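Dear colleague,

Please find below the structure that I am handing over to you. My notes on what was found in it follow directly after.

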Amino acid sequence: MWKPAQRIRWEASEGHIPDIEEIEASKLFSPLECGRLKLRNRTWVPAMVPWRATEEGYVTDDVLDWYGRFARGRPAAIVIEATGIRDVPSGPLLRIGHDRFLPGLTTLVERIHHESSGDTRIFIQLIDFLAIRRRPNREKFLSRFLSITDDIRHKLDLVDTDESVVRQALIDMSDDALDSILTARDFESLTRGYRERVTDMHLPHVRDLPEVLPDLFADAAERAEAVGMDGVELHYAHAYTMASFLSASNTRADGYGGSVESRVRLPLEVFRSVRQRVSDKFVVGARFLAEECIDNGSTVDDVCVFAVEFARAGMDFLSLSRGGKFDDAKQPRLGEAAYPYTGPSGYECMPQYLSDEFGPFGRNFAATHKIRKAVRDAGFVTPVVGAGGVHNFEMAEKIIIDEVADVVAAARQSLADPDWVLKLETGHGREIRVCEYTNYCEGLDQKHKQVTCQLWDRIDRDEPGITKSRDGKRRMVAPDWKPADGTSL
Ligand SMILES: Cc1cc2nc3c(=O)[nH]c(=O)nc-3n(C[C@H](O)[C@H](O)[C@H](O)COP(=O)(O)O)c2cc1C
Ligand code: SF4
């Protein structure tokens, strides 16, 4: 992963440990009841893909164990990982694009209910993404896949020459020379792997996205309700289709790109289509970027407009993330696909402990605060979910007191210690295992390996009954927790 040049070493701390009275009087542990969104407190586990589904996208025992373990720590809400809404293969990511996925997802809901004794609300993140291919072998690409256009022939001065000669001439060139002969997109396909964009209007399936996506999202939401989920989070963040519609880089000229109003049009149409298809009690919110963190990305002012429009349309929550774009991702190795968390914008999404003067804790809060204020100033009370480096009570409480957000999402801290909320709530805050923000977990995610945390994945891993990762080296879920003073919970 990319890291800021300053490389200042930041350390997460347990902060002030509250006693039970303080917890009871806190904002963090106060209930939230706003329209359809009803949470027993303000804690939230945001979506985290653990690469534990089958290659066909079905729920596995490992998926059940992953979410069951979070649920045992009784967060007010868990958002199940980015789950594909289409019926197309997408590796070991969960899918909800067909009714055959319903039995597995039903079991998942039952497991979370059981482990949390019904305390945890369950939302599922619905994602659509465009095609991306691995970085190809140079010779194969130039000799087989590249279309030889008149433009290439003219630049090479090989207008009437046999195509095989043109291809050989390209193969014999340096990459620098190829850069001036190929189109920017072909050069990108060669050096980084082919990647579709929402602006590829020459591709019928991309041009027709506004026609098909509202129904695809609505079908998926209907399934989520059928299996007993409490709601859906529309994935409008990071590097994926809906975020690309919101992005300032979306120049579509069909009324779905260009101005802020046109860029937010499809996300609103998707939302309305979903809302119409689910019952009145079912929660529908969205996760989107407070800042894209790329050159010429949407400004926070653009995002204030998006957020106000989402609130006006009746979304039940607005969850804000940051960065995570393909635009500045590192060049992948040969045979690998680009990964949107390897460049500076990826750092902004999941910053680690080696950082700059702003540090890895709360990089999204200024923008989140501004966006929440715009929503409130427009007269809407829609709850805002904030995230980024939250790892202790003090920090979480301050976010709510400072009106940055109404709900506090903690991803890596919840992975490091799935019981951290329960420990606080029961007066055992001293026993919290604080995340070190090393991004070992993110490294596993990047390699599409089953995600675990380095703070616990070697503990008692060879004990009987412990499930291990495919490589046999790591336990799959955090060890059970019992209070050190022997009190029973
Ligand atoms: C392993 C891993 C997988 C993630 N998968 C998703 C995802 O599916 N959808 C999403 O919106 N964010 C995803 N994220 C981002 C987190 O939800 C969160 O926004 C980010 O980690 C910053 O919060 P934190 O500092 O509390 O970890 C993932 C993060 C990690 C570490
Ligand atoms: S591996 Fe564990 S300690 Fe390291 S960043 Fe991930 S959750 Fe935190």
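The chain is divided into two parts: domain 1, which covers 14–129 + 200–322 + 351–431, and domain 2, which covers 138–192. Please keep in mind that this is a predicted model. Between the centres of domain 1 and domain 2, taken over C-alpha atoms, the separation is 43 Å.

Which residues come nearest to ligand 1? There are 24 residues around this ligand, and the nearest of them are Pro46, Ala47, Ala82, Ala411 and Arg412. Sorted by class, the shell around ligand 1 holds 14 nonpolar, five polar and five charged residues. Three elements each supply at least two residues of this shell, namely β5 (77–84), α18 (412–416) and α20 (440–446). The largest share comes from α20, with three residues.

Two pairs of packed helices

Two packed helices are described by the angle between their axes and the distance between the axes. Two such pairs are set out here.

The crossing of α2 and α3 is right-handed. On the α2 side, the contact is made by Val63, Leu64, Tyr67, Gly68, Ala71 and Arg72. Helix α3 contributes Thr107, Leu108, Arg111, Ile112 and Glu115. By class, the contact of α2 with α3 comprises six nonpolar, two polar and three charged residues.

The other pair is helix α14 (residues 300–313) with helix α16 (residues 365–377). Their axes come within 9 Å, and the crossing angle is roughly 45°. From α14, the residues that make the contact are Val300, Val303, Cys304, Ala307, Val308 and Ala311. From α16, they are Ala367, Lys370, Ile371, Ala374 and Val375. In the contact of α14 with α16 there are ten nonpolar residues, no polar residues and one charged residue.

Yours sincerely

How values were computed: Residues numbered from 1 in each chain as written. Chains lettered and ligands numbered in written order. Predicted model: local features only at pLDDT ≥ 70, side-chain atom pairs only at ≥ 80, totals over all residues. Near = placed C-beta within 6 Å. Helix = DSSP H or I, 4+ residues; strand = E, 2+ residues; numbered from the N terminus. Nonpolar A, V, L, I, M, F, W, Y, C, P; charged D, E, K, R; others polar. Domains from an automatic or database assignment. Axes fitted to C-alpha atoms, helices over the stretch in contact; angles between N-to-C directions. Contact = placed C-beta atoms within 7 Å. Left-handed = near helix turned anticlockwise from the far one by under 90°.
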